[in-house]
Amino acid sequence: MIVIWARQALLENGWAKNVRVEVDRQGRIKTVDVGAAPCGHEVEILLPSPSNLHSHAFQRAMAGLTEKRGASGEDDFWSWRDLMYRFLSLLSPEQVEAIAGLAQMEMLEAGFCCCVEFHYLHHAPGGAEFTDLAEMSNRIAAAAIRTGIGLTLLPALYQYGGCDRRPLDYAQARFGNDRERFLRLREKAEASVAKVSADSGTGIAFHSLRAVEPGSIEYVAREVADGPIHIHAAEQQAEVEEVARAYGARPVEWILANADIDKRWCLIHCTQMEPCETKALAESGAVAGLCPVTEANLGDGIFDGANYFAYAGSFGLGTDSNVRISLAEEMRMLEYSQRLRDRSRLLIAEEGKSVGRCLFAAALSGGALAAGRNSGRIAQGAWADLFSLCAEGVELAGRAADEILDAFVFSGGDRRIGDVWSAGRHMVRNGRHIGRDGIVSNYRRTLEKLESEL
């Protein structure tokens with residue numbers, strides 16, 4: 001049994017003092033008692049930990065490599081993608097495991113308890129199958145075993161180079177599957193993830209409407225009856241225009257009209273939506289998967305968070321390209337982008353709750369839905385996904401209740417994180433992952449080899 005005592009904790013019904021949380025041997029919260037005497041592992045501030053709902057782990061090793069202007073002087077998402085394709089052509093399974101290990105470790109240190117891996121890098125360079133069709137999925141699972149993070153693995157179907165169904169080029173061939181081979185791969189990946197932890201699981205992803213033909217979306221979603229379903233949608237204007245030409249509707253509009261959308265679904269990015277799409281997506285029950293730091297880095301655009309929030313839409317946060325892994329920064333970037341666009345303040349907030357509280361609550365609930373995980377709350381029966389904040393820092397001095405979250409989001413950030421538990425696994429202590437030295441050493445060796453080949 002694990003016992004955690006907090007001077008302040010954010011429970012389902014609000015803030016409470018002197019809270020005792022008991023965790024059973026399976027990693028679920030057994031009891032929550034308010035007004036308890038100090039006992040067990042004592043912390044100042046205890047919060048539920050959200051899931052990181054969107055990650056491409058291998059892109060973590062690209063951070064800092066894509067900030068040089070090209071010869072054309074015109075750099076955007078598509079030029080970044082070309083660089084990414086050249087980079088991934090070098091990656092071996094062992095290297096992907098090392099990179100994923102670093103990214104997952106940093107997610108835990110940032111306060112995320114679970115990684116939802118949108119995984120489309122399946123094959124060897126040129127598209128050749130590995131002996132084990134799910135070799136690359138196995139490597140993501142192996143990294144999760146080492147880091148102790150909860151894992152929701154989403155093998156992604158990728159069929160074509162565009163809506164015209166042009167063949168995949170050499171770099172994209174590492175992603176490609178027809179729908180029958182994809183279902184075999186997903187089954188093998190599911191068996192691998194079952195070995196990670198009881199709280200880990202799988203779902204499916206469709207890369208995008210550009211890369212997957214509509215019939216396969218219907219077929220695969222019907223064949224895989226359980227688990228979350230994710231898809232990239234409306235990230236770039238060129239994507240929106242291509243889909244509209246091919247299918248007579250914008251991506252979000254088409255998905256809402258043609259797929260059986262419910263709470264299993266998570267639409268990633270959605271930075272290019274019309275007001276009617278924003279309202280319809282909010283009312284659908286699906287989760288909007290937002291990655292504000294990556295969306296800013298790639299020049300994707302700004303999600304209409306203020307109106308989406310006003311329509312009571314569900315959203316969560318992910319780190320996508322992993323150029324910077326920070327829970328606090330994702331929340332801060334989301335709110336600041338709304339302020340810059342609308343020249344106003346406190347846009348994602350409601351009466352009686354601060355901006356920090358509203359952002360954090362959305363990350364918790366949306367992340368849990370998108371991960372297919374019983375988490376995001378300090379309550380009996382939920383996975384013990386928790387993190388603590390250290391009150392000694394000047395950013396939290398004199399702060400109480402929602403002010404704590406506001407200070408965390410807009411001032412303190414990751415450096416105020418003390419402990420992190422993923423399904424009761426105490427993986428971060430005093431802000432540092434317990435296996436940090438070995439994980440970082442392995443990553444450094446991997447990066448040195450990659451840099452010699454670039």
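How are helices α11 and α13 oriented to each other? Their axes cross at roughly 85 degrees, and angles from 65 to 115 degrees count as roughly perpendicular, so α11 and α13 are roughly perpendicular to each other. Keep in mind that this is a predicted model.

**Helices α11 and α13**

- Helix α11 covers residues 327-342 and helix α13 covers residues 402-412, and their axes come within 8 Å.
- On the α11 side, the residues in contact are Leu327, Ala328, Met331, Arg332, Glu335, Tyr336 and Arg339.
- Across from them, α13 brings in Phe408, Val409 and Phe410.
- Sort this contact by class and you get seven nonpolar residues, three charged ones and no polar ones.

**Helix α2 and its contact with α3**

- If you're new to this, two packed helices are described by the angle between their axes and the distance between the axes.
- Helix α2 (residues 93-109) packs against helix α3 (residues 135-147) at an angle of about 40 degrees, and the axes are 8 Å apart.
- That angle makes α2 and α3 oblique to each other.
- The crossing of α2 with α3 is right-handed.
- From α2, the residues that meet α3 are Pro93, Glu94, Val96, Glu97, Ala100, Gly101, Gln104, Met105 and Leu108.
- From α3, the partners are Glu135, Met136, Arg139, Ile140, Ala142, Ala143, Ala144 and Thr147.
- The contact of α2 with α3 has ten nonpolar, four charged and three polar residues.

**Helix α2 again, now with α14**

- Helix α2 also packs with helix α14 (residues 436-453), and here the axes come within 9 Å and cross at roughly 135 degrees.
- This pair, α2 and α14, is therefore oblique.
- The α2 and α14 crossing is left-handed.
- What does α2 put into this contact? Its residues here are Gln95, Ala98, Ile99, Gly101, Leu102, Met105 and Glu109.
- The α14 side is made up of Arg436, Ile439, Val440, Asn442, Tyr443, Thr446, Lys449 and Leu450.
- By class, the α2 and α14 contact has eight nonpolar, four polar and three charged residues.

- The largest pocket has a volume of about 450 Å³.
- It is lined by 23 residues, and the ones closest to the centre of this pocket are Lys353, Phe360, Ala361, Ala362 and Ser365.
- Which element gives the most to the lining of the largest pocket? That's α12, with eight residues.
- Strand β1 (2-11), strand β13 (314-317) and helix α12 (355-371) each supply at least two residues of that lining.
- The lining of the largest pocket divides into 13 nonpolar, five polar and five charged residues.
- Next comes the second largest pocket, with a volume of about 250 Å³.
- Its lining has 13 residues, and Glu218, Ala221, Ala259, Asp260 and Trp265 lie nearest the centre of this second pocket.
- Helices α5 (214-223) and α7 (251-258) each give at least two residues to the lining of the second largest pocket, with α5 giving the most, at five.
- By class, the second largest pocket is lined by seven nonpolar, five charged and one polar residue.

**Cavities inside the model**

- How do you find empty space like this? Rolling a probe the size of a water molecule over the atoms shows where empty space is left.
- There are three cavities of 30 Å³ or more.
- The largest cavity holds about 220 Å³ of space.
- Of the 19 residues lining the largest cavity, Phe77, Tyr120, His207, His232 and Glu235 are the closest to its centre.
- Helix α1 (residues 77-88) gives the most to the lining of the largest cavity, with five residues.
- That lining has eight nonpolar, six polar and five charged residues.
- The second largest cavity has a volume of about 50 Å³.
- Its lining is made by Gln59, Met62, Ala63, Thr66, Trp80, Asn297, Ser321 and Val323.
- These residues of the second largest cavity split into four nonpolar and four polar, with no charged ones.

How values were computed
Residues numbered from 1 in each chain as written. Predicted model: local features only at pLDDT ≥ 70, side-chain atom pairs only at ≥ 80, totals over all residues. Heavy atoms only, no water. Axes fitted to C-alpha atoms, helices over the stretch in contact; angles between N-to-C directions. Helix = DSSP H or I, 4+ residues; strand = E, 2+ residues; numbered from the N terminus. Parallel < 35°, antiparallel > 145°, perpendicular 65-115°, else oblique. Left-handed = near helix turned anticlockwise from the far one by under 90°. Contact = heavy atoms within 4.5 Å. Nonpolar A, V, L, I, M, F, W, Y, C, P; charged D, E, K, R; others polar. 1 Å grid on protein atoms, 1.4 Å probe; cavity = no way out; pocket = protein on both sides within 12 Å on 5 of 7 lines; lining within 4 Å. Points joined across faces, edges and corners; volume = space filled by probe spheres on them.
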